[in-house]
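Here's a quick tour of one protein model, written for someone who likes to know the cut-offs. Have a look at it first.

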Amino acid sequence: MGNTFTVGIKNYKSLQKKLQKWKQAPEIVSKKMVSNFKSSAPGWIAKEVCKVYNIKQSEVKPSKNNFGGKKIGNIRVSGKTIAEAEIVYQGRLLTLTHFDLSPTAPPHVRKAYTIKAKIKKGKKKTIGKVKKLTPEQQKNVGKNFKRQGKRNSPKSPPMLLHTGNRKEGGINYIPFQRISQQRSDLKAVKTLSLPQMVSNPVVKENIDKVLTEKLGGKLEEQMKKYMK
């Protein structure tokens, strides 16, 4: 499932009041403000997202070569005027590996374990509890899903299963959940997308305040510099 959210500055009322003075400003002021918004706003927004969500800032706003972060979505910055300037966030629902998932692999010995993740700042949340396998279940481990037949319960709790990754440094295990009696009917457990985090009411309110304050200050600087 895809997701999109747009951040612009044309709807920020407090900044619009300052922009009224801008009608007589030289074109260079307009260009400077748009340029500043495009270059700085993604970083400001990333900081506000990371104040609420337990995710790395380098993932919300990756560097040009994506060093130090994983690509969790696309960020497109556009607009030639301050009224048109906007940042479009796109991305799919994320797996829990982005949110301090533990454990990162199931116990080698067939022991019970609890899957936890910290999606928002604060305590970790329990995602699922996996019980210790019975002797009969341990005999079936590694067999083909179809040969094991169907389960009695309509679904299973989330459990760590191998992703099939064969690349060094890749993700080997993520939580999956069986969603029907058919043992092979598995679905990866996912949570929020990048656009959903940016559009969170608390995050969005803070983004509005930061953009108004930062861009308002930049506007004053440009007005003083070019409209003496």
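Predicted model: local features only at pLDDT ≥ 70, side-chain atom pairs only at ≥ 80, totals over all residues.

Residues are numbered from 1 along each chain as its sequence is written, and side-chain values use heavy atoms, with hydrogens and water left out.

Overall, the protein has seven helices and eight strands, taken as DSSP runs (helices H or I, at least four residues; strands E, at least two) and numbered from the N terminus. Helix α2 covers residues 27–52, and its span from first to last C-alpha is 38 Å, close to the 38 Å expected at 1.5 Å a residue; that expectation is 1.5 Å times one less than the number of residues.

Now the sheet. β6, β7 and β8 form an open, antiparallel sheet in the order β6-β7-β8, with strands counted as paired if DSSP finds at least two bridges between them. β6 and β8 are the edge strands with a single partner each, so one side of each has no neighbour in the sheet.

| Strand | Residues |
|---|---|
| β6 | 159–162 |
| β7 | 173–178 |
| β8 | 186–188 |

Four bridges join β6 to β7, and His 162 sits opposite Tyr 173 in β7.
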